[in-house]
Amino acid sequence: MSDIGKIRIRVPSNVKAGDVVRVRCLVIHPMEIIQRDAQGKIIDRNYNYITRVTATYLGKPVVTFDLTQSVSENPAFSFALKATAPGPVKVSFVDTHGGKYEGTADIAFA
Amino acid sequence: MRRLPSLRWAALALLAAGCALTARESPPLASSAWTSRAIPEARGEVKVTPDGKRTAVRYKGWTTRDFGAFRTYAYDDARLEPAVQKAVMPASVVGDPTRGRALFLDRQKGPCTGCHLVPGDDVWPAGSVGPDLSTLGDRKLPDAYLYQQLFDPRVTFPVTVMPPWGAQGTFKPEELVHLVAYLQTLRGPAPPEKDTDRNPFTRSKPVGYGDNLDPTNNPAVVRAEEAQALWSARGPKGKACADCHAGGPKTAMRGVATRYPRVVAEHGRVMSLEDFLAVHAEATTGRALPSESGENLDLTLLVKMASDGLPVAVDTTSPAARAAIERGKASFYRRVGERNHACADCHTPDRGANKFLGGRFLGDVTAGLTRHFPTWRTSQNDVWDMRKRFQWCMTPLGANMQAADAVEYAELELFLTTFDVGKPITAPGIRH
């Protein structure tokens with residue numbers, strides 16, 4: 001997992017002003033699963049998983065995801081936004097070990 | 001009489017030509033005389049403990065049941081199909097429809113619902129490979145006829161998809177009597193459907209899983225990107241793939257995957273990319289790449305993706321390839337395992353293809369089933385190559401699997417790939 005924190009963001013290529021577009025983003029992350037012992041008690045350890053994903057478009061927040069546990073290795077998130085002007089979509093991921101990963105994709109009008 | 005000598009010469013010339021051919025292009029092995037280079041769980045081995053208990057070595061989470069009593073795909077397995085058996089319904093047992101219904105749905109047995117639709121909201125998911133039995137009782141068929149159909153339908157229909165359940169011992173005679181009793185209770189009209197997806201004849205067909213090259217959609221693409229490092233990683237002999245194949249995998253390997261599986265004269269057998277890499281990488285770089293290992297799959301992904309969009313162009317005309325394709329075709333129609341099924345039963349359009357086996361939509365061999373492998377399986381959360389898919393097919397067949405790099409599988413894969421010729425490679429695929 002040398003690529004931890006590597007981010008890919010996909011936005012549609014032919015966007016017109018006013019379109020609702022779906023943005024998909026994926027981050028390379030191990031997303032450790034919380035383990036339990038034989039008695040069902042959580043094994044006390046600082047598990048590394050992403051707890052917060054925030055996305056901004058043209059500097060304004062679009063969506064925030066709060067995670068309370070691991071969802072999947074290399075998780076993908078998708079959300080929709082209304083493309084009002086060409087500009088960047090920024091997505092940032094924060095994990096429980098203090099890692100902060102950021103990626104940007106540009107929405108360009110066709 | 002004067003023409004005889006010239007004929008003799010012609011025969012001699014033909015013989016010589018034949019010899020030249022064998023010398024240049026040795027025919028593929030027609031037996032299993034290949035030492036497997038697969039990881040231990042992919043070799044299809046069976047362990048016998050001192051007390052005589054036999055357990056099959058398979059992948060983690062797969063059944064360890066030994067199907068040694070049943071016919072396999074091995075070329076040296078000379079066993080014949082089980083003989084057709086006439087059966088008489090035991091008169092001493094009184095059929096119980098309730099028990100019959102439980103047996104009909106029992107996932108440890110058939111389940112019969114995998115192929116046949118019957119009424120009931122708990123029948124999920126029902127398949128459509130066999131006829132809809134919702135109103136079978138209305139036909140007033142004799143009990144003895146139904147019993148024979150369940151015990152061994154080949155008495156009435158010599159080439160049926162239906163397994164000989166009684167003859168192979170999956171159901172005991174008294175269980176079949178209960179099943180007959182249940183089937184006779186199925187009277188029409190069938191109750192209205194609450195959910196159209198319950199009925200496989202009205203269920204919507206799967207439409208695909210989106211862009212297979214989008215890393216946010218297909219995790220296999222992410223895996224392939226991580227595998228790039230393997231291309232230039234040096235093996236124990238101090239060599240890497242990149243040292244001989246210049247320009248990176250995308251350039252150096254462009255079009256290579258379109259020619260596989262092919263007859264590799266040097267090894268005297270048909271080899272898929274995975275088979276060839278297992279031998280070639282070890283010989284050149286010293287890095288062991290056993291079949292079904294993660295690294296073998298990684299490199300296969302890299303090489304196959306370099307041919308994305310190019311049409312499959314396997315050799316189907318050379319004598320060696322034609323002979324191998326014929327053997328692969330024979331395997332495709334060979335009946336194996338506890339169920340006495342052939343690949344063709346599920347995957348040809350005149351039998352099960354494009355129908356539902358339980359909730360699973362069966363692929364159609366004529367549409368080409370190989371060019372998207374290795375593929376991400378959403379149901380398994382993993383990337384599988386063609387061979388692991390073959391081995392997975394062995395469990396519902398009730399047959400012990402061959403080694404992942406077995407000649408039998410290679411020639412079967414070549415036969416399947418002939419249906420892909422001219423169609424573009426779309427690796428890595430994404431499927432259920």
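**Domains, helices and chain contact**

The centres of domain 1 of chain B and domain 2 of chain B, taken over C-alpha atoms, are 35 Å apart. This is a predicted model: local features need pLDDT of at least 70, side-chain atom pairs count only at pLDDT 80 or more, and totals for chains, interfaces and linings use all residues. Residues are numbered from 1 along each chain as its sequence is written, with chains lettered from A and ligands numbered from 1 in the order in which they are written.

In chain B, domain 1 covers 26–66 + 209–432 and domain 2 covers 97–184; the bounds come from an automatic or database domain assignment. Between them, 12 residues of domain 1 of chain B contact 11 residues of domain 2 of chain B, where contact requires C-beta atoms, placed from the backbone, within 7 Å.

Next, two helices of chain B, H2 (residues 97–105) and H4 (residues 173–184). Helices are DSSP runs (H or I, at least four residues), strands likewise (E, at least two), numbered from the N terminus. The axes of H2(B) and H4(B) come within 7 Å and cross at roughly 105 degrees. Axes are lines fitted to C-alpha atoms, for helices over the stretch in contact, with angles from 0 to 180 degrees between N-to-C directions. H2(B) is therefore roughly perpendicular to H4(B), a term for angles of 65 to 115 degrees. Among the residues that meet are B:Leu103 and B:Phe104 from H2(B), and B:Leu179 and B:Tyr182 from H4(B).

Last, the chains: nine residues of chain A contact six residues of chain B. S2(A) gives the largest share of chain A's side, three residues.

Note on methods. Contact = placed C-beta atoms within 7 Å. Parallel < 35°, antiparallel > 145°, perpendicular 65-115°, else oblique.
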